[in-house]
Amino acid sequence: MKKVLPIGLCVALFSSVLFARGPQEHRGFYFSAGIGPAYHSFYATSSSNTYRYTWNYSKDAYDYEPIKKKEESTYDAFVFPAFDFRIGKSIGNFVAIYTTFDFMFDTGNWDATYTQHNEMYDYESTKTADKKNSVLISGGGGLGFDIYPFLNPNSLFRGFHIGESSSLNGMFIETIGDRVGKGEGVFLANRINVGMDWWVSETWSLGVEFSYTFFNEFDVGDDDVDRHLFRVMFRLTRG
């Protein structure tokens with residue numbers, strides 16, 4: 001019993017130092033909202049094998065012709081606005097751990113190229129379809145953290161932070177022009193961000209952040225997708 005009491009007092013003292021909130025410190029409840037421009041791009045390929053029969057008059061029989069089909073799609077767009085929300089906990093004026101949610105809606109050019117290769121005659125035909133006026137919706141949620149390494153209140157780099165998050169992201173794209181086309185998929189999004197905050201009150205700060213997101217395939221059908229997202233976010237943060 002005599003040992004339990006000092007241990008309990010030490011734990012209480014440590015907790016009070018760790019979670020006690022002073023003015024302009026990252027402790028306690030954490031909330032951050034961001035809005036800003038982004039550049040979004042992806043490249044997708046899919047392939048399939050088929051065949052056809054053609055009548056050969058010299059043989060007086062049908063020829064079996066194996067055909068390889070390949071579709072390549074590219075999409076790129078400058079987006080505004082892109083949104084980002086983070087809710088969690090700041091600990092020790094050093095790290096913020098949070099759940100993150102993001103959403104964006106953009107329009108851009110979705111270009112597709114279709115290739116057919118006839119293996120029997122070694123003949124290849126290519127057709128390009130310009131799918132303009134495409135609408136893309138993307139959003140998801142996951143977990144992340146930000147680290148504030150400069151704790152000195154007099155440091156010029158106070159408010160600098162780096163972070164990382166992983167989330168599940170859904171994407172849907174569809175053309176709205178005269179050509180019909182649509183696509184969808186689920187991705188594992190890995191975001192790296194670097195930013196700077198400036199305190200405007202005892203609990204609130206304004207900042208700017210640059211982030212890069214790489215998407216790994218989770219459920220995209222037979223497509224092989226290479227997808228990237230760059231964002232510049234203007235943030236309002238509490239905690």
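Biologist: How many aromatic pairs does the structure hold?

Modeller: This is a predicted model, where local features need pLDDT of at least 70, side-chain atom pairs count only at pLDDT 80 or more, and totals for chains, interfaces and linings use all residues. Residues are numbered from 1 along each chain as its sequence is written, and side-chain values use heavy atoms, with hydrogens and water left out. Rings of Phe, Tyr and Trp (its six-membered ring) pair if their centres lie within 6.5 Å; planes under 30 degrees apart count as stacked, over 60 as edge-to-face and the rest as tilted. The number of aromatic pairs in the structure is six.

Biologist: Is the pair of Tyr39 and Phe78 stacked, edge-to-face or tilted?

Modeller: The ring centres of Tyr39 and Phe78 are 4.9 Å apart. With 45 degrees between the planes, the pair is tilted.

Biologist: How many residues apart in sequence are the parts that this pair ties together?

Modeller: Strands (E, at least two residues) are DSSP runs, numbered from the N terminus. Tyr39 lies in strand E1 (residues 28-56) and Phe78 in strand E2 (residues 61-91), so the pair ties together parts whose separation in sequence is 39 residues.

Biologist: Is Phe78 buried or exposed?

Modeller: Buried means under 20% relative accessible area, exposed over 50%, partly exposed in between (1.4 Å probe, protein chains only). Phe78 has 71% relative accessibility, so Phe78 counts as exposed.

Biologist: What is the angle between the planes of Phe187 and Phe215?

Modeller: The ring centres of Phe187 and Phe215 are 6.1 Å apart. The pair is edge-to-face because the planes are at 80 degrees.

Terms used. Helix = DSSP H or I, 4+ residues; strand = E, 2+ residues; numbered from the N terminus.
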